[in-house]
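Open the model in your viewer and keep the selection tool at hand. The tour goes from a single side chain to a helix, then to confidence.

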Amino acid sequence: MFLNKIGGLVNEFISVIVFSFLDLLDFLLSYVYKALDLLIESEWKSRDSSNIPVPESKSLVRITCSKRQLEEISNTLYARPTLLSKLPISSSETGNQSNPKFTLGFRTLPSPRWSDCHCKTCTSWCCSMKETLFVKAISSQEVQEDVVFIHGFISSSALWTETLFPVFSQKARLKYRMLAFDLLGFGRSPKPADSLYTLSEHLDMIHDSVLRPYNVKSCHIVAHSMGCLLALALAAANPSSIKSLTLIAPPCQSSGSEEDAMRRLAPRRVWPLLSFGVSVACWYEHISRTVCLVICKNHRIWEFILKVVTANRLRIRLIEAFFLHTHNAAWHTLHNVICGTSRKMEEYLEKVRKQSKFPITIIHGERDVLVPIECCYNVQSRVPRSKLRVLRKRDHLTVIVGRCHALAQELEEFWNSCE
């Protein structure tokens, strides 16, 4: 007990020093990127063209800031109190408490931006007249029901297509049409520079790219991590259309402000290391942009190194999916969806409890340090009919990747029991 207290004090002391330095670094980087954006993107505007073709329809490339979008912007996107926010020089870059002024209308930014990757994989959506999500569908002529798979934060449909899809039984392949897609801003889906990546934008794209084109009237939903938030929002909006809900590691925090949700998710501590990484990603816009500049913009180099180091195809595909996003998409989705939905989660869970009867299964890994088990208990307490399974020796990712065959069999049995 005494050693734990000493360790906690040491962790807190070192954290104060490290994050004070990061506060200053992020503040300085804000001006570096402001200068680079002005220099590089003003040149782009003067040419009034881009090396990347832009679709005729600007609905994704230039998003209108409607009143609904402004209401869905999380306070944590701009209000992140730091050491520098207490100084006279405080500004939006230092984490002050005042939101920037938005104007209704169009903003103009190049898509992709100079700090994003311009390879064919990352910009294929720019060359297409179809401004829809990338969808992978497996079906047969005898298909009877639909299953929609929603991946989590900084991931892609490969989480499902490379793990579960190959191991589903032939009977399941004949009975179910399985639909996995890349969320807006991730994988091979569009990554508009001007999107605010709010919850409604993600839901609208799912409806316009998956549910409506594939004529999905009712379906089972399987979701992981952040995808669980989208799944619950879909279920709350259309309870009669859901046959079952499988939530894997749902980050559904108890009621509270967006700022409280971010502090629980990212406590500004150097240990454990995963918490440190999440804290940097949540609190520092410009440091995280630098990480994306180094990793995501040069993902082809990292993928080549990865293929030299390992021959594991599954590991390669999952890590490749990690590279295929932009900083703008990740930053806004993190705050507007993961942190922003904390104020709506009670409403969603209440609607699911009162207005529907579909079965709900919650799966969580015992060693998951990214999403605390309390999040699962929160869902179970709000919707008592949900069933929780905590898997031993499994973490946030191995709850799926480490048990593909077992999970596929469990899902098939669960879907069959819903008939």
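Leave aside the neighbours within four places in sequence, and Asn 378 is in contact with Cys 252, Gln 253, Ser 254, Glu 346 and Leu 349.

Now zoom in on the side chain. Which backbone oxygen does the side chain of Asn 378 reach? That of Cys 252, at 3.0 Å.

Show the cartoon next. Asn 378 belongs to helix α15, residues 373-382. Is Asn 378 buried or exposed? Its relative accessible area is 6%, under the 20% cut-off, so Asn 378 counts as buried.

Move to helix α8, residues 258-265. Select its buried residues: Glu 258, Glu 259, Ala 261, Met 262 and Leu 265. Look down the axis: they cover an arc of only 160°, so they lie on the same side of α8. In general, an α-helix has 3.6 residues a turn, so residues three or four places apart point the same way.

Finish by colouring the chain by pLDDT. The average is 85, and 85% of the residues score at least 70. Select residues 46-64, where pLDDT stays under 50. The model has 44 contacts beyond four places in sequence for this stretch. Then select residues 89-107, where pLDDT also stays under 50. Here the model has 51 such contacts. Where pLDDT is low, the predicted coordinates should not be read in detail.

Notes. Residues numbered from 1 in each chain as written. Predicted model: local features only at pLDDT ≥ 70, side-chain atom pairs only at ≥ 80, totals over all residues. Heavy atoms only, no water. Helix = DSSP H or I, 4+ residues; strand = E, 2+ residues; numbered from the N terminus. Buried < 20%, exposed > 50% of the residue type's maximum accessible area, 1.4 Å probe, protein only. Polar contact = N/O pair within 3.5 Å; in protein donor to acceptor, adjacent residues only side chain to side chain. Contact = heavy atoms within 4.5 Å. Arc of directions from axis to C-beta. pLDDT = per-residue confidence, 0-100.
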